[in-house]
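Try each one before you read its solution.

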Amino acid sequence: MSEKEQKMNDDANVENVEAQTAEEAVKQADEELDTAQDAVQEDIAALLVEAQTEAEKHKDLALRVQADMENLRRRTRLDVESAHKYALEKFVNALLPAMDSMEMGIDAASKEEATIESIREGVEMTFKQMLDVLQEFSVERVNPTGEKFDPTLHEALTMIPSPDHESNTVVDTIQKGYTLNERLVRAARVIVAQ
């Protein structure tokens with residue numbers, strides 16, 4: 001073999017080796033690409049499972065919060081209904097002793113030994129009890145006799161000439177008025193000086 005042939009042979013061998021090395025490099029690159037793609041697919045699958053788990057947790061939490069809100073609405077509605085239904089319970093309990101006193105007074109008045117004075121005294125005590133109960137619940141009496149006429153608190157039944165009173169002054173109170181927490185419940189019915 002001549003030197004030329006040898007050189008060609010060596011060049012061919014180098015090309016074969018280079019081709020094999022290139023093929024191996026491509027093969028290795030393909031394997032690395034496949035490995036990377038598999039890793040990416042596994043990461044994507046893991047992220048998807050994690051996201052689905054997180055979504056389930058949030059859905060469960062949202063359902064629990066919704067149920068809690070519904071229970072709170074129901075309890076609040078029942079509390080409000082109960083408050084409306086039994087709002088006067090404290091007032092009634094405070095009023096019952098006065099009612100008992102009235103009943104005892106009626107029984108005492110029907111006895112033979114009852115006198116007008118003892119009946120009057122019993123009625124006055126019961127009336128005082130009633131006024132105390134009303135005052136306990138912020139109910140105030142409006143008795144404007146001698147005061148200036150106030151149309152927001154008084155209802156004028158009539159006007160009379162009165163030299164003893166200033167014009168627009170309440171001469172007499174026919175029926176006392178009442179306020180609850182400073183809000184008018186019933187106007188006082190009055191006679192006013194002209």
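**Exercise 1.** At which residue does α2 bend, and which proline follows within four residues?

*Solution.* Start with the ground rules: this is a predicted model, where local features need pLDDT of at least 70 and side-chain atom pairs count only at pLDDT 80 or more, while totals for chains, interfaces and linings use all residues. Residues are numbered from 1 along each chain as its sequence is written, and side-chain values use heavy atoms, with hydrogens and water left out. Now follow α2: the bend is about 30 degrees and sits at L96. The proline is P97. (A bend is the angle between axes fitted to the seven residues ending at a residue and the seven starting there.)

**Exercise 2.** Work out what span α2 should have at 1.5 Å a residue.

*Solution.* Helix α2 covers residues 89–109, which is 21 residues. Multiply 1.5 Å by one less than the number of residues.

**Exercise 3.** Which residues of α2 are buried (under 20% relative accessible area, with a 1.4 Å probe and protein chains only)?

*Solution.* A94, A98 and S101 are buried. Their cover includes α3, residues 116–136. Across the 194 residues of the protein chain, 11% count as buried.

**Exercise 4.** Compare the radius of gyration (taken over C-alpha atoms) of the protein chain with that of a compact globule.

*Solution.* The globule rule is 2.2 Å times the number of residues to the power 0.38.

Note on methods. Helix = DSSP H or I, 4+ residues; strand = E, 2+ residues; numbered from the N terminus. Buried < 20%, exposed > 50% of the residue type's maximum accessible area, 1.4 Å probe, protein only. Contact = heavy atoms within 4.5 Å.
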